[in-house]
Amino acid sequence: MGVLAEIHVLTLFPDLFDGFLRESILGKALADGRLAVRLLDFRDFAEGKHRSVDDVPYGGGSGMVLMPGPLVAALETLPPGTRKILLTPQGRPFDQAAAARLAGEPRIALCCGRYEGFDERIRKHVDEELSLGDFVMQGGEVAAMAVIEAVVRLLPGVLHNADSPAEESFAQGLLEYPQYTRPREFRGREVPEVLVSGHHEQIRRWRRREALRRTRDRRPDLLARLAATAEDRELLAELDREAAAGRGPGRVDVALVHHPVRARTGETIATSVTNLDIHDIARASRTYGVAAYHLVTPIALQRELVETVAAHWLEGESGGRVPQRADALRLVRTAAALGDVVETIRREAGAAPLCVATSADPRGRPTVGWAKLRGRLAAETRPVLLVFGTGWGLADEALDAADLLLEPIAGPTDYNHLSVRVAAGVTLDRLFGRAGR
Ligand SMILES: C[S@@+](CC[C@H](N)C(=O)[O-])C[C@H]1O[C@@H](n2cnc3c(N)ncnc32)[C@H](O)[C@@H]1O
């Protein structure tokens with residue numbers, strides 16, 4: 001594959017490109033000979049006295065349809081190895097990845113439609129179809145210009161600063177971080193302090209975090225497809241903590257313990273992870289601003305299973321198909337023991353968490369009431385870890401290791417066997433839900 005050197009534009013309105021090709025970076029690339037643009041009026045390939053390129057649609061209907069003959073005849077004059085592209089609202093949405101791909105082609109041809117669009121048989125004569133977005137324009141010329149603009153600026157030597165395309169929106173799967181220039185203060189708004197600090201590493205980290213924030217707020221679909229690095233996950237957790245800050249504790253984590261828990265018989269066992277627990281508690285965690293949801297099991301294969309399930313919704317083809325689900329499953333982490341979760345939080349948040357255990361059966365231990373804990377959490381500055389048990393509940397050693405044990409959830413009946421998913425949902429809502437404010 002060579003670097004793009006030639007663009008052929010097949011259009012009925014070549015004059016539309018006059019000013020566009022003369023100015024700025026494009027004009028310069030053409031003048032330098034880095035690039036050649038050839039405008040091909042496919043009316044020149046039409047037959048008959050009137051050189052018609054369109055006709056009424058078979059089957060009736062409004063408007064005129066572009067006949068296949070002239071456009072296909074024009075396409076057949078192109079040099080071999082030209083990638084032929086039809087511009088149509090029915091094409092794949094044009095994006096930065098497509099621009100980068102086309103910049104690596106030696107030669108492309110952009111076919112601009114008009115009227116009601118192309119005779120269906122034209123599609124067999126092109127390599128791909130691109131759309132500028134979900135709207136309909138009068139013709140393909142503006143779409144061709146957009147493709148040319150996006151592609152040409154990626155060609156080597158066209159932009160002065162070779163780094164800037166790599167930093168921009170979409171290049172790394174994120175929107176770009178906020179940019180500032182002079183003056184330092186504009187109508188009472190200052191440039192963020194870190195940007196004038198001269199600390200390159202701090203600036204880099206700030207920019208990455210703000211790019212993640214902006215993408216999360218505006219384009220969660222992009223974030224869902226992101227192959228997040230360990231630093232990205234850390235920065236996203238930081239953003240979650242920040243969002244949670246207005247609510248009380250610096251950071252809230254949830255742990256679902258599979259060992260040590262009790263069996264029905266009272267002995268201590270390890271339970272198996274379930275897909276339902278992974279999904280439902282991740283979704284509840286995301287809803288209530290939890291920073292991370294830790295599934296705790298000493299069995300390595302079980303941890304791998306959790307990671308596989310989460311990765312399925314975050315990566316590959318399925319990743320990003322349901323951005324809301326990816327948004328929740330991004331919180332999922334695994335740990336071999338509860339102590340490891342505490343250590344992780346201490347490292348990330350800079351303080352050990354207040355551990356709050358939950359149980360349907362405190363077995364004589366003192367508990368803290370809901371209202372009291374809610375009040376305490378509103379003033380708590382330490383991170384908080386809510387611990388839930390699977391099986392028949394957390395084993396004695398896990399209850400004893402906690403700082404507080406929460407009053408059991410109770411209904412008006414004596415049936416006391418909520419699923420841990422429901423218990424987690426009820427707990428998060430009682431402690432952090434808006435309704436309880
Ligand atoms: C009025 S449109 C025809 C739309 C066509 N009847 C349809 O519904 O798909 C005329 C031409 O404008 C161009 N065009 C319009 N909207 C476009 C878009 N969003 N992306 C790319 N090209 C577009 C195409 O070349 C199209 O053939």
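Predicted model: local features only at pLDDT ≥ 70, side-chain atom pairs only at ≥ 80, totals over all residues.

User: Which loop is Pro183 in?

Analyst: Pro183 lies in the loop between helix 6 (164-167) and strand 8 (185-186). Helices (H or I, at least four residues) and strands (E, at least two) are DSSP runs, numbered from the N terminus. Arg182 and Pro183 are joined by a cis peptide bond, with omega about 0 degrees.

User: What about phi at Arg51?

Analyst: Positive, about 50 degrees, although Arg51 is not a glycine. Arg51 is in the loop between strand 2 (36-41) and strand 3 (54-55). Most residues other than glycine have a negative phi.

User: OK, ligand time. How many residues surround it?

Analyst: 21, and the closest are Leu87, Gln90, Gly113, Glu116 and Phe135.

User: Which polar backbone atoms are by the ligand's nitrogens?

Analyst: One of Phe135 is 2.8 Å from a ligand nitrogen, and one of Gly133 is 3.1 Å from a ligand nitrogen. The cut-off for such a pair of N or O atoms is within 3.5 Å.

User: How much of the ligand does the protein cover?

Analyst: 87% of the 580 Å² of accessible area that the ligand has on its own, by the Shrake-Rupley method with a 1.4 Å probe.

User: Which element gives the largest share of the shell?

Analyst: Strand 5, with 4 residues.

User: Switching topic: how much space is in the largest pocket?

Analyst: About 680 Å³, taken as the space filled by probe spheres set on the grid points, which are joined across faces, edges and corners. A pocket is an open set of points on a 1 Å grid over the protein atoms alone, where a 1.4 Å probe fits, with protein on both sides within 12 Å along at least five of seven lines.

User: What lines it?

Analyst: 29 residues line the largest pocket, with Ala360, Gly391, Trp392, Gly393 and Leu418 nearest its centre; lining residues have an atom within 4 Å of a point. Helix 16 gives the most, 4 residues.

How values were computed. Residues numbered from 1 in each chain as written. Heavy atoms only, no water. Near = heavy atom within 4 Å. Polar contact = N/O pair within 3.5 Å; in protein donor to acceptor, adjacent residues only side chain to side chain.
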